[in-house]
Amino acid sequence: QGELVESGGGLVQPGGSLRLSCAASGSIFGIELMGWYRQVPGKQRELVADITRGGSTNYADSVKGRFTISRDNAKNTVYLQMNSLKAEDTAVYYCNAVSFTRFGRTIHWGQGTQVTVST
């Protein structure tokens, strides 16, 4: 099974911006959906945004207007531009990809990257 490698997390002040990137290894084929989830201790992992191969996007209400998801299909890479960050955006952010092959559907997860919004 291939892997997803995330980068771009870190510490930022409220109102600031961060850009997350996630690259799928070359051994993952047939990726249809890519997205970002986040999780804080004691809570379930929640969808932040996802994007289809064709470019259709879906956002959580809490990030609409502030976050933008995009992808480069040729590079099997998905990005999350996060603007106007708030303390409540603090979480571990996980990249997600759903691939379809003749063997069926496979869900892939990255290792997670910490985003901390604080003064």
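Visitor: What makes strand 8 count as mostly covered?

Guide: In this predicted model, 5 of the 6 residues of strand 8 are buried. A residue is called buried when its relative accessible area is under 20%.

Visitor: What joins strand 3 to strand 8?

Guide: Strand 3 and strand 8 are also paired in the antiparallel sense, over 6 bridges. Ala23 stands opposite Thr77 in strand 8.

Visitor: Why are strand 1 and strand 7 called edge strands?

Guide: The open sheet has 4 strands in the order 1-3-8-7, with antiparallel pairing. Strand 1 (4–7) and strand 7 each pair on one side only, so they are the edge strands. With direction ignored, neighbouring strands of this sheet are turned by 15 degrees against each other on average.

Visitor: What lies in the turn between strand 7 and strand 8?

Guide: The two strands form a hairpin with 4 residues between them, and the turn includes Asn76, whose phi is positive at about 50 degrees. Asn76 is not a glycine.

Visitor: Which class does Ser84 fall into, and why?

Guide: Ser84 belongs to the loop between strand 8 and strand 9, and has a positive phi near 50 degrees without being a glycine. Its relative accessibility is 40%. Partly exposed covers the range between the 20% limit for buried and the 50% limit for exposed, so Ser84 is partly exposed.

Visitor: How do you know whether Arg66 is buried or exposed?

Guide: Arg66 sits in the loop between strand 6 (57–59) and strand 7. Its relative accessible area is 11%, and the limit is under 20%, so Arg66 is buried. Leaving out residues up to four places away in sequence, Arg66 touches Gln81, Met82, Asn83, Ser84, Leu85, Lys86 and Asp89. The C-alpha atoms of Arg66 and Leu85 are 7.7 Å apart, although 19 residues separate the two along the chain.

Visitor: What makes Cys22 and Cys95 a disulfide?

Guide: The sulfur atoms of Cys22 and Cys95 are 2.0 Å apart. The cut-off is within 2.5 Å, so the pair qualifies as a disulfide. By this rule the count is 1 disulfide. Cys22 lies in strand 3 (residues 18–24) and Cys95 in strand 9 (residues 91–101), so the pair ties together parts 73 residues apart in sequence. Both Cys22 and Cys95 are buried.

Visitor: Why is this disulfide called left-handed?

Guide: The torsion about the S-S bond of Cys22 and Cys95 is about -85 degrees, so the disulfide is left-handed.

Visitor: Which residues touch the most other members of the largest nonpolar core?

Guide: The core has 27 residues, and Trp36, Val48, Phe67, Val78, Leu80, Met82 and Tyr93 touch the most other members. Elements that give two or more residues to this core include strand 3, strand 8 and strand 9. Apart from neighbours within four places in sequence, the contacts of Phe67 include Val48, Leu80, Met82 and Tyr93.

Visitor: What makes strand 9 and strand 10 a pair?

Guide: Strand 9 and strand 10 (residues 104–109) are antiparallel and joined by 6 bridges. The requirement is at least two bridges, so the strands pair. They form a hairpin with 2 residues between them, and Ser99 has Thr106 in strand 10 as its bridge partner.

Visitor: How do you know that the side chains of Ser99 and His108 make a polar contact?

Guide: The contact between the side chains of Ser99 and His108 is at 2.9 Å, and the cut-off for the N or O atoms of a polar contact is within 3.5 Å. Ser99, in strand 9, is buried, with a relative accessible area of 4%.

How values were computed
Residues numbered from 1 in each chain as written. Predicted model: local features only at pLDDT ≥ 70, side-chain atom pairs only at ≥ 80, totals over all residues. Heavy atoms only, no water. Buried < 20%, exposed > 50% of the residue type's maximum accessible area, 1.4 Å probe, protein only. Core = buried A, V, L, I, M, F, W, Y, C linked by side-chain atoms within 4.5 Å. Contact = heavy atoms within 4.5 Å. Axes fitted to C-alpha atoms, helices over the stretch in contact; angles between N-to-C directions. Polar contact = N/O pair within 3.5 Å; in protein donor to acceptor, adjacent residues only side chain to side chain.
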